[in-house]
Amino acid sequence: MEEPKEAFPYTPPTPEIKEKYAEIFALKEPIKVPLPKLLFDKAVALFFLLLTSPILLLLLVANWVEGLLIKENKGPLFFYYYGMSHGRKFKKWKIRLIKESYVDKELQAKGDWHAFQNEWMPEARTYVGAFVKKFYLDEIPQFYLILKGDMSFVGPRPLAIHHYERDLAQGNVTRKLIRGGLLGYGHVRKGTPEFGKPVYEYEYVYRYLHYSPFQLLMTDLYVIWRGIVVVLKAGGH
């Protein structure tokens, strides 16, 4: 099955990006997470994890009830596939959106993203999954991943392994240099023509390298605010 185009909206770096951010392309090793950002990530992730725990409990109950009433929709609430962050492989946990019959079990056992690529098909979604997607609630488990240290709150969105390799092959380097984020400087532009353009990720890495801890914190707070606005619009892009 051909991948849906929504799965990989990322474009190659333009000559202008390569010239403006030449120092970033010259980097060979991942950049260490600044301590203030690390502490901020963990504190905010813990706050949101506690804040959303009642929502997770309600989703667990709703998922169980839906499975009782509609047998084909029965299944675990959580799933994972292997993604890449900071140039390293990790288990990216999310909330299941689709019916088990639409999941490729063989690929699921390998942690392959392709097992779940039917999530863009409305007919494949459970009722809970459709609600979850509308409000981006499938991302809630990533608060735990931030707390664990696999991700940051703000950074380039971590990609499935094959998408990460495709992004590298087309010349982008941001995702191997810093931790992937729940929200990205470009990712919060979902639903606009700017989404998928790499310039925002390079600008964020530039700020990562040159801004003071306070200035970087202000950038992160701006991105988080933009992310909250996207969620409240309930677009489910």
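**Entry 1: Arg 175 and its partner**

I looked up Arg 175 and found that Arg 175 is buried, at 5% relative accessible area. Buried here means under 20% relative accessible area, exposed means over 50%, and partly exposed lies in between (1.4 Å probe, protein chains only). Arg 175 makes a salt bridge with Asp 167, and their closest N and O atoms are 3.1 Å apart. For a salt bridge, a side-chain nitrogen of Lys or Arg has to sit within 4 Å of a carboxyl oxygen of Asp or Glu. Asp 167 counts as buried because its relative accessible area is 2%.

A note on what I'm using: this is a predicted model, where local features need pLDDT of at least 70 and side-chain atom pairs count only at pLDDT 80 or more, while totals for chains, interfaces and linings use all residues. Residues are numbered from 1 along each chain as its sequence is written, and side-chain values use heavy atoms, with hydrogens and water left out.

How many salt bridges does a search of the whole structure find? I got 13.

I picked Glu 3 with Arg 166, where the closest N and O atoms are 3.6 Å apart. This pair links distant parts of the chain, 163 residues apart: Glu 3 is in the segment before α1 (15-20), and Arg 166 is in helix α7 (residues 161-169). I'm taking helices (H or I, at least four residues) and strands (E, at least two) as DSSP runs, numbered from the N terminus. Glu 3 has a relative accessible area of 18%, so Glu 3 is buried. Arg 166, at 37%, is partly exposed.

Then I checked Lys 94 and Asp 138, whose side chains meet in a salt bridge at 3.3 Å, N to O. They are 44 residues apart, with Lys 94 in strand β2 and Asp 138 in the loop between α5 (127-134) and α6 (142-148). Are Lys 94 and Asp 138 buried or exposed? Both are buried. I also saw that these two belong to a network of salt bridges with Glu 139 and Arg 157.

The largest pocket holds about 580 Å³ of space. It has 24 lining residues, and Phe 135, Tyr 136, Phe 143, Gly 227 and Val 231 are the closest to its centre. (A pocket, on a 1 Å grid over the protein atoms alone, is an open set of points where a 1.4 Å probe fits, with protein on both sides within 12 Å along at least five of seven lines; lining residues have an atom within 4 Å of a point.)

Which element gives the most to this lining? For the largest pocket I found α10, with six residues. By class, the lining of the largest pocket has 18 nonpolar, three polar and three charged residues. Ala, Val, Leu, Ile, Met, Phe, Trp, Tyr, Cys and Pro count as nonpolar, Asp, Glu, Lys and Arg as charged, and the others, Gly among them, as polar.

The second largest pocket has about 500 Å³ of space. I found 26 residues lining the second largest pocket, with Glu 6, Ala 7, Tyr 10, Trp 120 and Lys 190 nearest its centre. Its lining has eleven nonpolar, five polar and ten charged residues.

**Entry 2: A nonpolar patch**

Helix α3 (residues 35-69) gives the largest share, seven residues. Trp 64 sits in helix α3, and Trp 64 counts as exposed because its relative accessibility is 56%.

Conventions:
Points joined across faces, edges and corners; volume = space filled by probe spheres on them.
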